[in-house]
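Please take some time with the sequence and the structure before reading on.

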Amino acid sequence: MTTTASTLIIGASAAGLAVARCLEEAGADVMVIEQAADVGAMWRGAYERLHLHTPRGKSGLPFAPMPRSYPLYPSRQQVVAYLESYAARLKRPPLFGRRALALYRDGTRWRAATSDGDIIVDNIVVATGNTRVPYSPRWDGMDRFAGTMLHTSKYKTGAPFRGQRVLVVGFGNSACEIAIDLHESGAHPALAVRGPVNVIPRDIFGIPVLSLGILQRLLPARVADAINAPIVNAVIGDITRLGLRKLPYGATTQIREHAQVPLLDIGTIALIRQGAIAARSGIARFTADTVVFDDGTTEPYDAVILGTGYRAALGELLAGVNGVLDVDGTPLTSGDATIEPGLYFCGFRVVPGGSLRQIGLEARRIAALITSN
């Protein structure tokens, strides 16, 4: 069965819902498809302890701020409830259980091959995000490891790991929050940190650090980093004394020029300093019950949790469309027109002001571009 619409949005989490609402407010015809059974699939499936690292007031989507009853940093369950409420306000509900398989040109229009027939449209907005596919690197001996091994996408709570030695691989925000969760659940966590890192406090003197990033958005990255360095050092301290290596540039440069998010510390550094969480170097290889690290040390572990991130991985979906993705399948442009008329991406930019705020800005921009044509 082939259906038609003016604009098709792929993905029914924050980005897809925001674009749909902006287009509907402008009077446009919109169809949203989502392969999962409900909105916000990533939030629903995430670990129980997860909270937003961006403040409530900067995290609302267009036309619907987050409820004032929410805390400064809403929980996973509150974000899910907010997305459900947001989706309920759409005039045309998302179509769930419908997966996009391939996108390609069909004359002057676009055709989306899906698991439930083709859809022909004037515009397509891909809003599946940078966390579409879990990324799991490989190491020598990995298949021989006898303990539990799982990606953070499968981690729910630290309760099953009580009393166990658990290695969390990575130093991103999820990896470090899971290390805290493991400690609070009675496990003995360690973090395998492969390279140099940046650590910034989530709050500086009671002010969310991402609000500072918004205020400094017009400053050159290195100027902003120079201004922030004394404050960060005063709050975080010298991380090299904890066995961590520091990047040669600051957090703003890391975000803007390398599209990488630094650690927004919510207590991990204090626990490392106390010895409750161990900091280890990168992994060299595995044995049946141990991990051999790059510095030559070897330690036994009962479980390994891969906090190694995700990929947008859109290469297969857009296999026949050139010039819109990088070699890893990440969009070259997000929140603006691409070189292909009628094709847009939303929610793929990494910015100092936080992803949800950026999604709102991109959604409004995309809606304006589509409705002006």
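Predicted model: local features only at pLDDT ≥ 70, side-chain atom pairs only at ≥ 80, totals over all residues.

Arginine 280 belongs to strand 15, which covers residues 278-280. If residues up to four places away in sequence are not counted, arginine 280 touches Ala190, Leu191, Ala192 and Val193, and also Phe293, Glu299 and Tyr301. With one of these, glutamate 299, the contact is polar and joins side chain to side chain, at 2.7 Å. Alanine 224, by contrast, stands 56 residues from arginine 280 along the chain, and the C-alpha atoms of the two are separated by 30 Å.

From there the reader may turn to helix 1, which spans residues 14-25, and to helix 9, which spans residues 355-372; the axes of the two come within 8 Å and cross at roughly 40 degrees. Helix 1 is therefore oblique to helix 9, and the crossing in which helix 1 passes helix 9 is right-handed. On the side of helix 1 the meeting involves Ala14, Ala15, Ala18, Val19, Cys22 and Leu23, while helix 9 brings Leu356, Ile359, Ala363, Arg364, Ile366, Ala367, Ile370 and Thr371. Sorted by class, the residues in this contact of helix 1 with helix 9 are 12 nonpolar, 1 polar and 1 charged.

Helix 1 also packs against helix 3, at an angle of about 25 degrees and with the axes 10 Å apart. Because of that angle, helix 1 is roughly parallel to helix 3, and the crossing of helix 1 and helix 3 is left-handed. Ala14, Leu17, Ala18 and Arg21 of helix 1 make this contact with Leu83, Tyr86 and Ala87 of helix 3. The contact of helix 1 with helix 3 divides into 6 nonpolar residues, no polar residues and 1 charged residue.

Arginine 21, which lies in helix 1, deserves a separate look. Is arginine 21 buried or exposed? Its relative accessible area is 10%, so arginine 21 is buried. Its contacts, leaving aside neighbours within four places in sequence, are with Pro62, Phe63, Ala64, Tyr86, Arg89 and Leu90.

Most residues other than glycine have a negative phi, whereas phi of phenylalanine 63 is positive, near 75 degrees. The loop between helix 2 (41-45) and helix 3 (76-88) also holds serine 75, which is buried because its relative accessible area is 12%. Apart from neighbours within four places in sequence, serine 75 is in contact with Leu50 and His51.

Another pair of helices to find is helix 6, residues 221-236, and helix 7, residues 251-258, which pack with their axes 7 Å apart at an angle of about 155 degrees. That angle is why helix 6 is described as roughly antiparallel to helix 7, and the crossing of the two is right-handed. Helix 6 contributes Ala221, Arg222, Ala224, Asp225 and Asn228 to the contact, and helix 7 contributes Ala251, Thr252, Thr253, Arg256 and Glu257. By class, this contact of helix 6 with helix 7 has 3 nonpolar, 3 polar and 4 charged residues. In the loop that runs between helix 7 and strand 14 (263-265) lies alanine 259, which has a positive phi of about 55 degrees although it is not a glycine.

The last stop is threonine 308, in the loop between strand 19 (303-306) and strand 20 (310-311). Threonine 308 counts as buried because its relative accessibility is 18%, which is under the 20% limit. Which residues does threonine 308 contact, leaving aside its neighbours within four places in sequence? They are Tyr135, Ser136, Pro137, Trp139, His151 and Val169. The side chain of threonine 308 reaches the backbone oxygen of tyrosine 135 at 2.5 Å. Threonine 308 and alanine 175 are 133 residues apart in sequence, and from C-alpha to C-alpha they are 8.0 Å apart in space.

Conventions
Residues numbered from 1 in each chain as written. Heavy atoms only, no water. Helix = DSSP H or I, 4+ residues; strand = E, 2+ residues; numbered from the N terminus. Contact = heavy atoms within 4.5 Å. Polar contact = N/O pair within 3.5 Å; in protein donor to acceptor, adjacent residues only side chain to side chain. Axes fitted to C-alpha atoms, helices over the stretch in contact; angles between N-to-C directions. Parallel < 35°, antiparallel > 145°, perpendicular 65-115°, else oblique. Left-handed = near helix turned anticlockwise from the far one by under 90°. Nonpolar A, V, L, I, M, F, W, Y, C, P; charged D, E, K, R; others polar. Buried < 20%, exposed > 50% of the residue type's maximum accessible area, 1.4 Å probe, protein only.
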